[in-house]
Amino acid sequence: MTVKRIAICGFNLESNRFAPTCARRDFEESMYLRGDEISVEARAEYPRLHLGVSGFYQVMDDRFGGAKGWSPVPAVLVGSTPAGAVEESFFLEFLEELRVGLAGADSLDGVYVCQHGAAIATHTHDPDGDMFRLIREVVGPDVPVVATLDLHANVSEEMVAATDLLVAYRTNPHVDVYERGQEAAAGLLEMFEGVRPRSFRVRLPLVAPSVTQLTADGYPYGDLIRLGQSRIDDVVMNVSILGGFAFGDTPKNGMTIVVTTRDDSDRARQLALELASAAWNDRHRYQPKMISLDAAVARAQEVGADDSQPAILFADPADNPGGGGRGNTTHILRAFLAAEVSGCALAVFYDRAAVAAAFAAGVGAQMSITLNSEEDSSFSDPLDIEATVERLSDGVFIGEYGMVAGKTVTTGPTAVLVAGGIRVVVISNRQQCLSTDYLQAFGIEAAECRSIVVKSRGHFRAGFLHLFESRQVFEIDVPGLTSPNLAGFDWSYLPRPVFPLDEDAQWSPDGV
Ligand SMILES: [Zn+2]
């Protein structure tokens, strides 16, 4: 048997139309790997790359008896913390680097693309589609191309047409990233055996607010995904149901269902329409349930003053760096400080200048500091606080819980500031708080906090589950770049009417 040569590549960005643009530096800060670096990280014990790639390698290594039986051709793999549109010049440079990497590798047998799928660029609504088309053009029509996608991907027809198999995550928080990489590998192996995948895509005029897209029991999106999985059989190879990312604000926004079968186009179409109908009939359940800031303050005061009550976990979904938020709005912190809330921790607050000031002052120093002194995003107001520097760190740790379990995390230079009864973990590499590790790593015992505020929309849930039941978790309704209140945004490209923004949005399978 000849050694299978499989190209590995990927571009991972979730773009929020309302956030500042991003470019090379944002990717280099997060993930920018070339050539053999990709293979080394993919097989590392605590990888610094997207775990889908590790899952893909694991299956291939197993199938071919280790690294010698197949030959990964790692091209280029990049990822940024969610941000705004990617700048055209950088994206075109990236595409050229990818093109050279693929074209220089002769006789490829397959391609694995590790992609987020909800990027926008300053020059196009569909950079993911452009990239998939480029891959297809370089490798030709006969080389199988498989891709994994985040379930927040906004999937264009171009992305489906240029690939043989799309495999989207099925969990939110995303705790099946590794397994979906494995599934993509298994699909590619089937194609090596002669299977011909057939896909059908349906997009609904349904833009579900982010906090309604959880997949746990009791959530409509989870129910829909489980319905889809119940249809997997000898013919149905994959059912991917993508909730999409509203803030991309593109013409391709809307929940999308992609069904892939083993050489049965009719079945793919019929099942995709059946699932789309089920989703549409259930659309009224996609409504956010948040509490007001006043109510949150009252609850935080209450548990701070009474140890016998269960602790509370508050989320700030409107300032989620995992959706392009800056991770430094001050609405909640300001209100909690004013109300003299005690026993509280806030993780994590992005402010490089504040961290630098804390490092200059040193551990134990007391200082008057203005948070957001160098931030100009409209939601990120400055806030003057009196704080003590409790801890300084390089911000590198290995995660134990949730989406960072087993991963090396880098928050950059990090400081714990104590202001009143609140400890604030201030970081230099913008990202969301994914688990209790973001407290423990900096000396804060999460189990001893009376309340915790996280800058995250929903991914934090997987990393706090061991301490907080869902009835102890509340989302606070404050303004921000990623607010689940979709009516508050000035949409430009979202196809209208769309539910729930427009109650009168219509859809029927007959028109597809
Ligand atoms: Zn996602």
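1. His152 counts as buried because its relative accessibility is 5%. Asp150 counts as buried too, at 6% relative accessibility. Buried means under 20% relative accessible area, exposed means over 50%, and partly exposed lies in between; the probe is 1.4 Å and only protein chains are included. This is a predicted model: local features need pLDDT of at least 70, side-chain atom pairs count only at pLDDT 80 or more, and totals for chains, interfaces and linings use all residues. Residues are numbered from 1 along each chain as its sequence is written, and side-chain values use heavy atoms, with hydrogens and water left out.

2. Now the 6-stranded sheet. The sheet is open, its order is S2-S3-S1-S4-S5-S6, and the pairing is mixed. Strand S2 (31-34) and S6 are the edge strands, each pairing on one side only. Neighbouring strands are turned by 20 degrees against each other on average, direction ignored. Strands (E, at least two residues) and helices (H or I, at least four) are DSSP runs, numbered from the N terminus. Two strands pair if DSSP finds at least two bridges between them.

3. S1 pairs with strand S3 (residues 70-79) in the parallel sense, over 8 bridges. Arg5 has Ser71 as its bridge partner in S3. Helix H3 (residues 51-63) packs on this sheet and touches S1, S3, S4 and S5. The direction of H3 makes about 175 degrees with that of S3. Such axes are lines fitted to C-alpha atoms, for helices over the stretch in contact, and angles run from 0 to 180 degrees between N-to-C directions. Contact means heavy atoms within 4.5 Å.

4. Why is S4 called largely enclosed by the rest of the structure? Because 5 of the 5 residues of S4 are buried. Gly110, Tyr112 and Cys114 point one way, while Val111 and Val113 point the other way. S4 runs parallel to S1, joined by 4 bridges, and Ala7 stands opposite Val111. S4 also runs parallel to S5, again with 4 bridges. There, Val113 has Ala147 as its bridge partner.

5. Look next at helix H5 (residues 127-139). At 1.5 Å a residue, its 13 residues should span 18 Å, and the end C-alpha atoms are 18 Å apart, which agrees. The expected span is 1.5 Å times one less than the number of residues. The buried residues of H5 include Met131, Phe132, Leu134 and Ile135. Among the elements that cover the buried residues are strand S1 (4-12), helix H4 (88-103) and strand S5 (145-149). Just after H5, Gly140 takes a positive phi of about 90 degrees.

6. A second open sheet has 3 strands in the order S7-S9-S8, with antiparallel pairing. Strand S7 (197-203) and strand S8 (236-242) stand at the edges with a single partner strand each, so one side of each has no neighbour in the sheet. The twist averages 10 degrees from one strand to the next. S8 and strand S9 (residues 256-262) run antiparallel, joined by 6 bridges. Asn238 stands opposite Thr260 in S9. Helix H7 (residues 177-192) packs on the sheet, touching S7, S8 and S9, and its direction makes about 145 degrees with that of S8.

7. Pro197 lies in strand S7. At 13% relative accessibility, Pro197 counts as buried. Leaving aside neighbours within four places in sequence, its contacts include Met191, Met237 and Thr260. Pro197 and Arg136 are 61 residues apart in sequence and 16 Å apart in space, C-alpha to C-alpha.

8. Finally, helix H8 (residues 220-229). Its buried residues include Pro220, Tyr221, Leu224 and Ile225. The buried residues of H8 pack against S8 and helix H9 (265-281).
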